[in-house]
Structures are given as structure tokens and as C-alpha cells.
Amino acid sequence: MEHEQRTKILHRLQNSRLTYETGNLTDIIISHGNLQTQLEEQKKAFNRLEYEKTQLERLFESADKHYNRSSGKLDRKELDQRELMDALRKISELAKTVCELTTSVKEKESKIRELEGVATTMKADLSTWKEKFELEQKTSQAVQAEHTKLQIQFMKLTDKLKELEKDNDDLRQDLLHLKAQAADDMNADMRRTKSEWERSLESQAESAPTTTTASKTSSLKREATPTIWPSTVVHQFDAHESDVSALCFSPDGTCLATGGSDKVVKVWTLRPDMQSVEPKATVLSGNKAGIMSVQFDPTSRMIVTASNDSFARLWSLEDQKCKQTLEGHSSKVLAARFLVDDSHKVVTGSHDRTLKIWDLQRGACIKTVFAGSSCCDVVATKRALVVSGHTDKKIRFWDLRSTVPNEILLDGKITSLDHYPEHQLLLCCS
């Protein structure tokens with residue numbers, strides 16, 4: 001009965017997840033079984049010794065009787081002295097064996113009592129571990145029920161997330177459709193404005209005096225030269241999985257680089273007609289946040305990017321790998337540009353209100369200037385001049401040989417900058 005109970009407990013422990021507790025209980029039960037087996041063997045040995053002791057006592061009594069008979073016969077018949085000595089020697093050996101067996105029996109009894117004490121202690125421990133196991137089993141069942149409940153909630157939330165993602169995709173498609181419609185409306189307005197402006201110029205030319213001089217006619221023709229307005233979208237393609245936040249043409253006019261909030265930069269090859277791109281792009285991945293700025297170097301073989309993860313990175317288009325990570329800003333980097341006079345140097349502007357100059361050959365920052373306001377964009381011009389636009393509505397002109405800028409205050413924060421180097425013109429958005 002007790003063996004069956006141990007087998008049941010072992011079977012329950014083997015199916016339990018509580019590995020640690022199960023191991024301890026299994027060791028205790030196995031030790032208890034071993035002790036029980038040893039106890040039974042000791043009892044059998046004790047019974048065997050008792051039987052041998054009884055046999056020896058009987059033999060001793062028989063030898064004693066034989067001795068008494070022999071003594072009587074000696075008195076009467078004078079038996080041989082040698083037979084008497086053999087009997088005495090045998091009696092001595094039997095007495096010695098009886099003493100040894102008696103000592104062994106006492107030792108076995110002491111060991112049996114010790115094992116019985118250990119078995120009692122093990123039984124008490126087994127009872128304690130049984131109670132702990134039952135408690136842990138109840139706790140495990142409660143945790144399993146809670147886990148099942150959480151799984152059901154997770155499945156519901158997953159289904160809800162899928163529905164929201166589908167709604168988000170639908171809204172994105174609607175937004176793209178609205179943007180395309182708005183672009184078409186804007187193009188129509190621009191074409192209408194252009195037609196009205198051309199008609200106005202023709203009207204002015206017809207109403208002008210016919211006796212004007214050649215110089216005045218030439219001047220009027222120059223003034224009447226129409227500005228080229230974009231009127232039609234020649235190519236549209238899906239560049240990124242989410243918003244596109246930066247783009248740039250390569251200096252050799254063969255590539256277009258785009259960066260988006262999906263954390264990747266893509267380089268698209270322009271087709272010979274210069275009005276579309278190849279469908280497969282080179283992907284530069286490794287940023288941990290959205291891309292805010294991209295620019296090619298003068299050779300069109302390298303790209304520098306600025307990211308919201310507070311790093312700027314230098315990429316090689318030959319193996320599509322990041323060659324350098326420019327680490328030093330404490331907040332997102334919003335702009336990164338190669339210097340015009342030295343393409344081995346890069347200027348970065350950050351939300352942490354600093355501008356940094358980086359030496360790409362050394363891979364280190366060689367100069368940091370504090371602008372006092374978050375930098376939204378930077379451009380580099382000739383003669384070591386850097387222009388930065390900030391959220392405090394100021395454009396700052398930095399001579400890299402000093403740390404004090406010249407400033408221009410506008411009506412709103414500066415969001416974007418560009419310059420026309422041939423005529424030293426600066427374009428800004430605010």
C-alpha cells in the first residue's frame with residue numbers, strides 16, 4: 001500500500017511544472033524507499049542471526065550434555081583424553097561465535113533504531129513537502145487560469161489592432177487620394193494663373209505705344225519672359241512604408257536618395273528620360289529612428305544622413321554599408337551637410353541647440369558651437385561659412401574660424417534652407 005502511494009506521488013511529481021520542488025520531493029521519496037529497503041534487509045539479517053543464535057544455543061546445550069555424559073563415562077570407563085580436548089575446543093569456539101553474533105545483533109539493532117528515526121524524520125519531511133506541493137499546484141492552476149485569460153485578451157487586442165491597422169491603411173489611402181486631388185487642383189490653379197498672367201502681358205504689349213525704341217522693346221520682352229511653373233506630375237511612386245521626410249538628387253544626376261520615418265534610406269536610379277526611376281532601390285538600413293536629412297558627397301559615392309536617434313551616419317553606395325556613425329549629439333539630429341570646401345568634413349545641426357563639425361578621416365568631432373536654439377536645417381557655402389536656421393526665428397551665419405555668428409531675425413521659425421552659390425543667394429522657409 002505504501003509502495004503504491006509513493007508511486008502515485010512520483011507520477012504526479014513527474015507531470016508537475018514545478019521542477020525545483022519536484023526534484024527535492026523525488027529525492028526525499030527515493031531516499032525514504034531506500035531506507036525502508038535497508039530496514040527490511042536489516043530485519044531479515046536480525047531474524048537470521050536470531051535463528052543462528054538459537055541453533056548455537058541448542059548446539060551448546062548438546063555439547064554440554066555430551067560433556068556431562070563424557071565426564072560420567074570417564075569416571076566410569078576412562079575415555080580417551082584426546083576426545084575430551086576436542087570437545088572442549090569445540091565448546092570454546094562455539095562460545096566465541098555466540099559472543100560475536102550477540103555483538104553483531106546489538107549493532108544491527110542500534111542501526112535499525114537509527115534508521116527508523118531517520119525514516120520517521122523523512123516521513124515528516126515528506127508530509128511537509130506534500131503540503132507545499134499541493135499549495136504550489138493550486139497556485140500553478142490559478143496562474144494557468146490567469147494566463148489563459150490573458151491569452152484571450154491578447155487575441156482580442158490583436159484582432160482589434162488588425163482592424164485599426166486596416167482602418168489606418170484605408171485612411172492613408174484616402175489621404176493620398178486627397179493629396180493627389182489637391183495637387184491636381186493646385187496644378188489647375190497654377191495653369192489658370194499662368195494663362196491669366198500671359199493674357200495680361202499680351203494686353204499690355206498691345207496697348208503699349210508703337211513708337212517705342214528698340215531698347216524699350218527689348219526690356220519689355222525680358223520682363224515678359226514667363227516664369228516656368230510646374231504644371232504636371234510626370235512620375236509618382238511609393239518610396240517608403242510611411243512618410244517621406246527627406247530627398248536629394250545626386251550631383252551627377254543619376255540617382256535620387258529618399259529618407260522616411262520608416263528608418264531606412266533608399267537610393268533610386270533615374271531612368272534615361274530623367275522623368276522616372278527604376279522600380280528597385282538600394283536600401284540603407286540600420287537607423288533606429290526616422291530619417292530627417294540626406295545628402296550626396298560631390299563624388300555621388302557617399303551619403304550622409306541625419307536621424308531622430310541622435311546620430312548622423314556616413315554610407316557607402318558601393319557596398320551599401322554604414323562606414324561611420326557620428327555620435328555626440330544629445331537629441332535628434334535634423335540636418336547633416338558636407339562642407340563645400342572640404343568634402344571630408346560634415347556639419348550637423350541638432351535639436352540639442354548645437355552645431356558640430358566632423359572630420360570624417362579621423363571619425364571625430366573637431367568643433368562644437370552652441371546656437372542657443374534648436375537647429376532645423378543647415379547649409380554649407382564656400383569660404384568656410386555655415387548657415388543655420390532655428391526655431392527662435394533666426395538665421396545664423398557662422399564663420400568656422402570663430403564662434404560668434406551674425407544673425408537675421410524673421411517672422412517665424414526657420415524650417416528649411418538652401419542656397420544658390422553662383423549668385424550668393426539664400427532661400428529659406430519659415
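Strand E3 (264–269) is largely enclosed by the rest of the structure, because five of its six residues are buried, where buried denotes under 20% relative accessible area, exposed over 50%, and partly exposed the range in between (1.4 Å probe, protein chains only). Strands (E, at least two residues) and helices (H or I, at least four) are DSSP runs numbered from the N terminus. The model is predicted, so that local features require a pLDDT of at least 70 and side-chain atom pairs are counted only at pLDDT 80 or more, whereas totals for chains, interfaces and linings draw on all residues. Residues are numbered from 1 along each chain as its sequence is written, and side-chain values rest on heavy atoms, with hydrogens and water left out.

E3 is joined to E2 by five bridges in an antiparallel arrangement, two strands being taken as paired if DSSP finds at least two bridges between them. Within this pairing, Cys255 has Thr269 of E3 as its bridge partner. The two strands form a hairpin with three residues between them, and Lys263 in the turn has a positive phi of about 75°. E3 also runs antiparallel to strand E4 (residues 282–285), to which four bridges join it, and here Lys266 stands opposite Val283 of E4.

The largest nonpolar core comprises 13 residues, of which Val267, Leu284, Val294, Phe296, Ile303 and Leu317 touch the most other members; such a core is a set of buried Ala, Val, Leu, Ile, Met, Phe, Trp, Tyr and Cys residues joined through side-chain atoms within 4.5 Å. Two or more residues are given to this core by each of strands E1 (244–249), E2 (255–260), E3 (264–269) and E5 (291–296), with E5 giving the most, namely three residues. When neighbours within four places in sequence are left aside, Val267 is in contact (heavy atoms within 4.5 Å) with Cys255, Leu256, Ala257, Ala281, Thr282, Leu284, Phe296, Ile303 and Leu317. A second, separate core of twelve residues includes Ile357, Val369, Ala371 and Cys375.

Six bridges join E11 (residues 354–359) to E12 in antiparallel fashion, and Asp359 stands opposite Ala364 in E12.

Ser388, found in strand E14 (residues 385–390), counts as buried at 0% relative accessibility. Its side chain makes a polar contact of 2.7 Å with that of His390 and another of 2.8 Å with that of Trp398; a polar contact is a pair of N or O atoms within 3.5 Å, for which, within protein, one atom must be able to donate a hydrogen and the other to accept it, and residues adjacent in sequence count only if both atoms are side-chain atoms. Residues up to four places away in sequence not being counted, Ser388 touches, among others, Leu355, Cys375, Asp377 and Leu417.

A search of the whole structure finds zero disulfides, a disulfide being a pair of cysteine sulfur atoms within 2.5 Å. For Cys376, the nearest cysteine sulfur, that of Cys375, is 6.7 Å away, and Cys376 counts as buried at 16% relative accessibility.
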